[in-house]
Amino acid sequence: MYSVDGSGVRRLLGVRLSSIAIGITCGVVASLCWAAGFVGVRHGLNAGLAPADLTIHRYLWSGLVFAPFVVRRGIRDLSGIGWGHGLLLALLGGPGLAFISYSGFLLVPLGHGGVIQPACSTLGGLLLATLFLGERLMPARAIGALVIVFGLVVIGAEAMVAIGVHGVAGDLVFVLTGLMFASFATLLRLWGIAATPAVMVISVLALFTVPAYWVLGGFDHMIVPGWRENLLQAVLQGVLAGPAAIFLFTRSVYLLGAGRAAVFPSLVPPFVLLMGWLGLGETPTVLQLIGLTIVLFGFWLAQSKPKSPLS
């Protein structure tokens, strides 16, 4: 038999605690990256960039970086993912999703999109996992979903009363994009595709939209706000909100497990409101804060796991 002395136990414990700390750090930073992407969209739109410009920033740079890897792994079957699967994923979780989401910020404040889209992604994920992946919908998760819906109704009421018809339309845009991302994530699980290869393929597929963007004068419009704004968006959208966030979140899942890491996307809405307030001066309204609080409580319930019969 092998024995472990006191120093060995301390070393093992130290490694375990270190991996947990790294996993938590990766998850929190991933949430900050996603939140920074939302806030960056608002900043870019305020500076004069269009949703199409921001979509190009989101995928052009990463597409150029990932293109050699995708080609090396096989362009005929799109790195094993397949062209049919790849195109559908690009629509639901790539440039199609990005363009629609960015357009929604033309209609409603940052606090609406930054809360509604992640919340509807969670709701859609619960529903689709129950319908197509065979996961059991626990009572706590069902209650959490209803709580999230109530929080969204509070935010939607503000859009209806304070903004008007176009505010409701903007909120519905983010309902749509949240459900699109939920469908994207469900298809990845259903088809057994890892997140990182999917992001690489989607970024490369997005390069096919660049010629049309160029012909329509997109680059002429993009340069108007100046190189500083474009550099900022290249970093925020093309690096942080895309590959960096996916890599960090995937790392947190590896180190902590999917159950523990699932909490980190729920940090995105409060981070969006905080960063929007500090960076852009967009002060959340009372209804936005109430809706956020309700949604976060719903997130907590929706992430409940079944108790082990041995616990």
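The lining of the largest cavity has 7 nonpolar residues, 2 polar and no charged; here Ala, Val, Leu, Ile, Met, Phe, Trp, Tyr, Cys and Pro count as nonpolar, Asp, Glu, Lys and Arg as charged, and the others, Gly among them, as polar. This is a predicted model, where local features need pLDDT of at least 70 and side-chain atom pairs pLDDT 80 or more, while totals for chains, interfaces and linings use all residues. Residues are numbered from 1 along each chain as its sequence is written, and side-chain values use heavy atoms, with hydrogens and water left out.

Back to the cavity. A cavity is a set of points, on a 1 Å grid over the protein atoms alone, where a 1.4 Å probe fits but cannot get out; lining residues have an atom within 4 Å of a point. The lining consists of Thr55, Ile56, Tyr59, Leu60, Pro95, Ala206, Leu207, Thr209 and Val210. Helix H2, residues 51–74, gives the most to this lining, with 4 residues.

Now the fold. The protein has 14 helices and 0 strands, taken as DSSP runs, with helices being H or I of at least four residues and strands E of at least two. Its radius of gyration is 21 Å, close to the 19 Å from the globule rule for 311 residues, so the protein is as compact as a globular protein of that length. That radius is over C-alpha atoms, and the rule is 2.2 Å times the number of residues to the power 0.38. Along the principal axes, the C-alpha trace spans about 70 × 50 × 40 Å.

Last, burial. Of the 311 residues, 47% count as buried, meaning under 20% relative accessible area with a 1.4 Å probe, protein chains only.

How values were computed. On a 1 Å grid over the protein atoms alone, a cavity is a set of points where a 1.4 Å probe fits but cannot get out, and a pocket is an open set with protein on both sides within 12 Å along at least five of seven lines; lining residues have an atom within 4 Å of a point. Buried means under 20% relative accessible area, exposed over 50%, partly exposed in between (1.4 Å probe, protein chains only).
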